[in-house]
Amino acid sequence: MAKILRIYPENPQENLINEVIKTLNNGGLIIYPSDTVYALGCNIFDIKAMEKLAQIKKMKLEKAQFSIICNDLSHLSDFTRPIDTSVFRFLKSHLPGPFTFILDANKSLPLAYKGHKTIGIRVPDHPIPQLIVEKLGHPIASTSIKDDDEIIEYSTDPELIAEKYDHLVDIVIDSGYGDNVASTIVDLTSGEPELIRQGKGII
């Protein structure tokens, strides 16, 4: 059964964040809030956790396009090829924020991402995922929680999310109601921004 941790952005309790970190380091899966929708996350360096994440999304891991959640742009060089100064300035002017930026991947990607030519990078404007990544010491893999409802695309109520994913994840972070508009996806691999999906962020 998933453990529900009530962590609020105004005053995230350090002991609860530490519990989340311990779970991630032990291969657990979490559901966490962001500046857009609630999302599933795990340790990018734990291949078994990544496989569980793919199973929840009903896809093979090698086909999955899980975003990488960072707390700032300092991790970019760990996962992406060198980027132009103009692209870096563009990223810096839009992050943190409700965007997923697609960049060319380098050959140092974690095992679960091997073979991927591109990678989606997110730096949410929300203290909880930022704090998790900071304390963990490296980014986490992430994918949005979709709703089964044909009209409501994303789940917003953490209690209902916890019920649905009770036996699939280890921790659900309840941070109050989430948004129901996902991030805007922008492809920067050509050096010029190309809008892939319009979401919450405005370019």
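## A sheet, its cores and a cluster of rings

Ile171 lies in strand 8, where helices (H or I, at least four residues) and strands (E, at least two) are DSSP runs numbered from the N terminus. This is a predicted model, in which local features need pLDDT of at least 70 and side-chain atom pairs count only at pLDDT 80 or more, while totals for chains, interfaces and linings use all residues. Residues are numbered from 1 along each chain as its sequence is written, and side-chain values use heavy atoms, with hydrogens and water left out.

At 2% relative accessibility, Ile171 counts as buried, a term that means under 20% relative accessible area, with exposed meaning over 50% and partly exposed the range in between (1.4 Å probe, protein chains only). Leaving aside neighbours within four places in sequence, Ile171 is in contact (heavy atoms within 4.5 Å) with Lys3, Leu5, Glu19, Val20, Thr23, Leu29, Ile30 and Ile31.

Strand 3 pairs with strand 7 (residues 140-144) in the antiparallel sense over 5 bridges, and Gly41 stands opposite Ser142 in strand 7.

A nonpolar core is a set of buried Ala, Val, Leu, Ile, Met, Phe, Trp, Tyr and Cys residues joined through side-chain atoms within 4.5 Å. The largest one has 43 residues, and those with the most contacts inside it are Ile31, Phe66, Leu91, Tyr113 and Val169. Among the elements giving two or more residues to this core are strand 3 (39-43), helix 4 (85-94) and strand 5 (99-104), but the largest share, 5 residues, comes from helix 2.

In helix 4, the buried residues are Val87, Phe90, Leu91 and His94. They cover an arc of only 95° around the axis, which puts them on the same side of helix 4; the arc is that of the directions from the helix axis to the C-beta atoms. These buried residues pack against helix 3 and strand 5, whereas the face turned away from them carries the exposed residues Thr85, Arg89, Lys92 and Ser93.

The structure holds 2 aromatic pairs. Rings of Phe, Tyr and Trp (its six-membered ring) pair if their centres lie within 6.5 Å, and planes under 30 degrees apart count as stacked, over 60 as edge-to-face and the rest as tilted.

| Pair | Centre to centre | Angle of planes | Type |
|---|---|---|---|
| Phe90 and Phe101 | 5.8 Å | 75° | edge-to-face |
| Phe99 and Phe101 | 5.5 Å | 20° | stacked |

Phe90 in helix 4 and Phe101 in strand 5 are 11 residues apart, and their pair links distant parts of the chain. Phe90 and Phe101 are buried, as are both Phe99 and Phe101, and ring pairs link Phe90, Phe99 and Phe101 into a cluster.

Key
Two strands pair if DSSP finds at least two bridges between them.
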